[in-house]
Amino acid sequence: MKKIGQLGPLNRRAFFGASSGTLAALAAGGLAGAPRTSQALPRVLVDAGSFPKNFWWGAATASYQVEGAANADGRKPSVWDTFCRTPGRVQNGDTGDVANDHYHLYKEDVKLMVELGIKHYRFSISWPRVVPEGRGAVNEKGMDFYKRLVDELLDHGITPHATLFHWDSPQALEDKYGSWRSREIARDFADYTTAVVSRLGDKLKHWMTINEIFCFTFMGYGVGKVPKHAPGTIVQKRKEVLQTVHHALLAHGMSCQAIRAASKDAHVSTVVNFDSYIPVVETPENIEAAKKAFVAEEHNGTVLVPILTGAYNPQAIEKLGPDAADVQPGDMATIGQPLDALGFNNYCGSYVRAAQNARGYETLPLPKGYPHMHTDWLSCVPEALYWGVRLVTDALGKKELPIYISENGCASEDVVTKNGEVFDLDRVMYLRSYLRNASRAIAEGYPLIGYFLWSLMDNFEWSYGYNTRFGITYVDYKTQQRIPKQSFRWYQQVIRAGRVL
Ligand code: NOJ
């Protein structure tokens, strides 16, 4: 196999040090002076498997999923505390009351990160821990936990990245005005943002506003049936769901403004689980089809597109007809705030091909036997990572916007052997395939700057409770023992080598 270092005048360092324009030119057919033999170039690009030196190797968790300490130091309930207590909503009646007890065991967990070798850690801040009533008084004791955590990370050379909202909105705001159904939540979220950033912004620079708008709106409010996510509200019309999406977008935009106002050198991004479309065969026609689907389908057209462009996608809006959200003057400019980067949560994707229909594309169903991982919604579609990154650039023209994978991970059955080991080889297979696609994106010049593996450790998997494990560290919930799995050992070596192993 040819290595990058064998690319004539372009040695490996020059390759990764080159500008994205240079790399794009290389991907498109070569540079003056570089060898243009038909065998060399494509093999190098596909086989690279390498990452630049300054690539963000990281792992992620979220407050409600790991912290526990539900009643400690003045925290009040979130909508997830209530949802967990509603019979039938969460498997086994599991709750986040104790979870991984990370609130008390965070030092041990930072040690785990050091052992793993990550230099970046993504966690989230619990709104009801910091502002227990959702608006008004700040709970300094709750805030102190995040100060302790950030100090511990910095002391160990790990850059903290904080998500301001990962689904645990204050129950008090649900009681007051129905959470995301009300426009008022955007202002309250901006005020909460200011409270956090003004207290932590001297030490923590990397802020992500909101995690996966899709999940707490489209999956938190359902027409006619109980939705899977908190607050789990049944609404009368689909328009009410789209209105929650609009309020979340507004909250994101106002939060961006609040971060920048409170911290001059903040790095501001958001996290979207946008849908990725893979040309079923990489022909020019199918690639065009993937671009069309990427912007026009409902989820991307009503979440990613407005965040990045300040306007809903017209086709998505046309398709929604009377179900489209009401928009007030000035909203779209607020929503389309400039970002320093975009976080991409990627697990799955859809295959697409060109079609002679009005849209110019059709998506293809996955057959029954298609490779599937250990939870109902998770198929193994590694090219989705590459195409998701590529389409932000190619379909939305965001060539200069750095992208990082804010989450990618896999559920496995995870059995502890009598020797105390966990051979999660399916997870390793999954992660390896996705990381190869990350490497391909970089090699072709797309601005992918980092990767946060979901998750550092097993945790509370929402309505699946503790039954579904996504960690590379096994957690024994009875003893709170952490056991690194085979995937942990694998990721550790990948980070060390800077390439997929
Ligand atoms: C995305 C969510 O952000 C995270 O909270 C969840 O646990 C993972 N997906 C796995 O489902």
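Start at the largest pocket, with a volume of about 850 Å³. Select Phe214, Cys215, Asn273, Cys348 and Trp377: of the 36 lining residues, these are the closest to its centre. Then colour helix H11 (213-217), strand E10 (350-354) and strand E11 (361-364), the elements that give two or more residues to this lining. By class, the lining has 16 nonpolar, 14 polar and 6 charged residues.

Some terms for this stop. The search runs on a 1 Å grid over the protein atoms alone; a pocket is an open set of points with protein on both sides within 12 Å along at least five of seven lines, a cavity is a set where a 1.4 Å probe fits but cannot get out, and lining residues have an atom within 4 Å of a point. Points are joined across faces, edges and corners, and a volume is the space filled by probe spheres set on them. Helices (H or I, at least four residues) and strands (E, at least two) are DSSP runs, numbered from the N terminus. Ala, Val, Leu, Ile, Met, Phe, Trp, Tyr, Cys and Pro count as nonpolar, Asp, Glu, Lys and Arg as charged, and the others, Gly among them, as polar.

This is a predicted model: local features need pLDDT of at least 70, side-chain atom pairs count only at pLDDT 80 or more, and totals for chains, interfaces and linings use all residues. Residues are numbered from 1 along each chain as its sequence is written, and side-chain values use heavy atoms, with hydrogens and water left out.

**The ligand**

Now select the ligand. It sits in the largest pocket (more than half of its atoms lie within 2 Å of the grid points). Show the 13 residues around the ligand; Gln65, His166, Glu407, Glu461 and Trp462 come nearest (a residue is near if one of its heavy atoms lies within 4 Å). This shell has 6 nonpolar, 4 polar and 3 charged residues.

Which side chain has an N or O atom 2.9 Å from an oxygen atom of the ligand? Trp462 does. Pick Trp454 next: a side-chain N or O atom there is 3.2 Å from a ligand oxygen. Taken alone, the ligand exposes 290 Å², and the protein buries 95% of that (Shrake-Rupley areas, 1.4 Å probe).

**The cavities**

The whole structure holds 2 cavities of 30 Å³ or more. Select Ser63, Tyr64, Glu67, Gly68, Ala70, Arg75, Gly96, Arg129 and Asp168 to outline the largest cavity. Its volume is about 40 Å³. The lining counts 2 nonpolar, 3 polar and 4 charged residues.

The second largest cavity has a volume of about 30 Å³. Its lining includes Thr61, Val66, His102, Phe123 and Tyr146. Which element gives the largest share of that lining? H8 does, with 3 residues. The lining divides into 6 nonpolar, 4 polar and 1 charged.

**Backbone stops**

Most residues other than glycine have a negative phi, and most peptide bonds are trans. Go to Trp454 again: a cis peptide bond joins Trp454 and Ser455, with omega about 10°. Ser455 is in the loop between strand E13 (448-454) and strand E14 (473-476).

Next, find the cis bond from Ala230 to Pro231, with omega near 0°. Pro231 is in the loop between strand E5 (221-223) and strand E6 (233-235).

Finish at Asp73, in the loop between H4 and helix H5 (79-84). Asp73 is not a glycine, yet has a positive phi of about 50°.

Conventions: Polar contact = N/O pair within 3.5 Å; in protein donor to acceptor, adjacent residues only side chain to side chain.
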